[in-house]
Amino acid sequence: MIKLETEIEQIKNLINGAKTIAVVGHHNPDGDCIGCCVAMAEWLEGKGKDVAIFADGDLSEKFFYMEKARTFNIHADKEHFDLLIVLDLSDIDRLGAWCGLVDKADKIIVIDHHVKPNFKPADVLVDMPQFASTGEIIYQLFELLKVKITLEIATALYTSIACDTGCFLFSNTTAYTHHVAEALMQKQKIDIETINFKNFRAYNRANIPLIDYVLKNMEFEFDGRLSITVLPYKVVKKWGLNYESRHGLFKYATDANGVICSIFITELEKGEFNISLRSLGKIDVAKIAQKINGGGHRNASGATFKGSQKQLIKILLTEFAKVID
Ligand SMILES: [Mn+2]
């Protein structure tokens, strides 16, 4: 249970007082973010609100089993909203192209589970890093607000929770996570096979050359406890790597027996690197990501870096050497 007594009244009042509401997620929205935005939009529309959903960057079609996932960004012409509900981010920069909505909105609610909230214009900021997913916070909020959990809402919140826990596998998974999944399944007949298969098993055959490249070029350090994968620009360009296909490749870097942390580097433009860090257990990769101006969670973090690949790997190896033993 979370304590939202103060916030709940404010949230209720802000929503009741708004007619037009924008629900906004982060750049390149993941399953948690999309699920929360969809659940929130479903509920608000049911209340008769005029709702639009936004998230900048790539949104994978694999989420289209949720009807509302198809409706992101279709009201791009509209700029002013009575209320902005920002979900799964608390750093204003992560809104990407939708940053401008912030200045024009009358009121702002931010609900998130990342560490270090940095969202000054928020009227209400609910930031609870103790939760594995923003979906768990939204579920609790809906319980307190006595929201009817429709099949669409249950599907969306289950997606949120499953995605941010790696299908209930990561160490951030708690008894509460399972409790919420159970409650959602009790309330509605969620198609968990579709959700979990699409998010955790399915891959595109077009990505087989990339999978082949990753498996052949992965390197290991610290007696096999750290894996390093680098996708150079020429590979990225040749096989048309995008955000989603890149995500599908992480598991090869993390799943080798003995690996407890991984570095996955993608050279998206010449000399411009996207870095994903993953770890098992207590190793805090968010702290390492912060060294190169990135961030995230203890076991899953990221950053971007401009410069030489050699220098980047040197920095990362130095940082990992401090924590890996
Ligand atoms: Mn999340």
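**Figure 1. Salt bridge between E143 and K187 in the predicted model.** The side chains of E143 and K187 form a salt bridge with an N to O distance of 3.6 Å; the term denotes a side-chain nitrogen of Lys or Arg within 4 Å of a carboxyl oxygen of Asp or Glu. This pair connects distant parts of the chain, with E143 in helix α4 (residues 134-144) and K187 in helix α6 (residues 175-187), 44 residues apart. Helices (H or I, at least four residues) and strands (E, at least two) are DSSP runs, numbered from the N terminus. E143 has a relative accessible area of 35% and is therefore partly exposed, and K187, at 40%, is also classed as partly exposed. Buried means under 20% relative accessible area, exposed over 50%, and partly exposed in between (1.4 Å probe, protein chains only). The structure is a predicted model, in which local features need pLDDT of at least 70 and side-chain atom pairs count only at pLDDT 80 or more, while totals for chains, interfaces and linings use all residues. Residues are numbered from 1 along each chain as its sequence is written, and side-chain values use heavy atoms, with hydrogens and water left out.

**Figure 2. Salt bridge between K216 and D212 within helix α8.** The side chains of K216 and D212 meet at an N to O distance of 2.9 Å in a salt bridge. Both residues belong to helix α8 (residues 208-217), where a spacing of 4 residues corresponds to about one turn of the helix. K216 is exposed, its relative accessibility being 62%, whereas D212 is partly exposed at 36%.

**Figure 3. Salt bridge between K287 and D284.** A salt bridge joins the side chains of K287 and D284, with 3.9 Å from N to O. K287 has a relative accessible area of 55% and counts as exposed; D284, at 23%, is partly exposed. The structure holds 9 salt bridges.

Figure 4. I111 is part of strand β4, which spans residues 107-112. With a relative accessibility of 1%, I111 is buried. Apart from neighbours within four places in sequence, I111 is in contact (heavy atoms within 4.5 Å) with M40, V86, L87, D88, L89, V126, T134, I137, I138 and L141. I313 lies 202 residues from I111 in sequence, and the C-alpha atoms of the two residues are 34 Å apart in space.

Figure 5. V102 is located in helix α3 and is buried, with a relative accessibility of 6%. Once neighbours within four places in sequence are set aside, the contacts of V102 are L84, I92, L95, I108, F119 and P121. Between V102 and S171 there are 69 residues of sequence separation and a C-alpha to C-alpha distance of 34 Å.

Figure 6. Phi of N28 is near 50°, a positive value in a residue other than glycine. N28 sits in the loop between β1 (20-24) and α2 (31-46) and is buried, with a relative accessible area of 13%. D88, likewise not a glycine, has a positive phi of about 70°. The loop that holds D88 runs between β3 (83-87) and α3 (100-104). D88 is buried at a relative accessible area of 1%, and D88 is among the contacts of I111. Most residues other than glycine have a negative phi.

**Figure 7. The whole chain as context for the close-up views.** The secondary structure comprises 12 helices and 11 strands. For 325 residues, a compact globule would have a radius of gyration near 20 Å, and the value of 20 Å for the protein agrees; the radius is taken over C-alpha atoms, and the globule rule is 2.2 Å times the number of residues to the power 0.38. Along the principal axes, the C-alpha atoms fill a box of roughly 55 × 40 × 40 Å. Of the 325 residues, 50% are buried. Among contacts between residues at least 6 apart in sequence, 65% join residues at least 24 apart.
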